[in-house]
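Open the model in your viewer and keep the selection tool at hand. The stops below go from pockets to charged pairs.

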Amino acid sequence: MLTKYLIVFFVAMVPLIELRGAIPIAEAMNLPFVQYYIIAILGNMLPVPVIYFFARKVLIWGADKPVIGKFFSWCLEKGERGGKKLQEKAGRGLFVALMIFVGIPLPGTGAWTGTLAASILDMDFKSSVIAVMLGVVLAGIIMATASAGVFGALRVLF
């Protein structure tokens, strides 16, 4: 049982997959909702402080390196584009925009990209972490509802 929870925890930490992959996996493994939901959120939020404080610095450092430069530049540009798009749409409501951006369960809109965008936009740490956390909770609710519906329907059919 611990192995299943560790799988959910570590999948939730993976960029681009995050909660959007961890919750359907947990649902498919028939884990209890409250436990897997908390584990997935903790796994998704664990990298956030590291991303906020170090990701931009590492990406800037590696952008001109021979092997990793293209990938690091791509990540930096993606974060900058996401941050600018958020700022343009949000204006003074950047907190809410960041929360909604992270909360929409689409690839590239999760805690990793949202935190990197907040770092690039120089949002303060506390408000960006709270906005990302609320977004992760929202994405978790959406994914759990969708996963329970799909897997519930499959259980009825088969």
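The tour says what to select at each stop and what is there.

This is a predicted model, in which local features need pLDDT of at least 70 and side-chain atom pairs count only at pLDDT 80 or more, while totals for chains, interfaces and linings use all residues. Residues are numbered from 1 along each chain as its sequence is written, and side-chain values use heavy atoms, with hydrogens and water left out.

**Stop 1: the largest pocket**

Select Pro 15, Phe 71, Cys 75, Trp 112 and Leu 116, which are the closest to the centre of the largest pocket among its 18 lining residues. A pocket here is an open set of points on a 1 Å grid over the protein atoms alone, where a 1.4 Å probe fits, with protein on both sides within 12 Å along at least five of seven lines; lining residues have an atom within 4 Å of a point. The volume of this pocket is about 440 Å³, taken as the space filled by probe spheres set on the points.

Now colour helix H4 (48-62), helix H5 (69-90) and helix H7 (111-120), the elements that give two or more residues to this lining. Helices are DSSP runs (H or I, at least four residues), numbered from the N terminus. By class, the lining has 14 nonpolar, 2 polar and 2 charged residues.

**Stop 2: the second largest pocket**

Select Arg 81, Gly 82, Lys 85, Phe 101 and Thr 109, which lie nearest the centre of the second largest pocket, out of 14 lining residues. H5 and helix H6 (94-103) are the elements that give two or more residues to its lining, and H5 has the largest share with 6 residues. The space in this pocket is about 240 Å³.

**Stop 3: the salt bridges**

How many salt bridges are there? The count is 3, where a salt bridge is a side-chain nitrogen of Lys or Arg within 4 Å of a carboxyl oxygen of Asp or Glu.

Select Arg 20 and Glu 18, whose side chains meet at 4.0 Å, N to O. Both residues are buried (under 20% relative accessible area; exposed is over 50%, partly exposed in between, with a 1.4 Å probe and protein chains only).

Next, select Arg 56 and Asp 122, with their closest N and O atoms 3.1 Å apart. Arg 56 is in helix H4 and Asp 122 in the loop between H7 and helix H8 (125-157), so this pair ties together parts 66 residues apart in sequence. Arg 56 is partly exposed at 26%, and Asp 122 is exposed at 57%.

Finish with Lys 65 and Asp 64, whose closest N and O atoms are 3.4 Å apart. Lys 65 is partly exposed at 27%, whereas Asp 64 is exposed at 62%.

Methods. Nonpolar A, V, L, I, M, F, W, Y, C, P; charged D, E, K, R; others polar.
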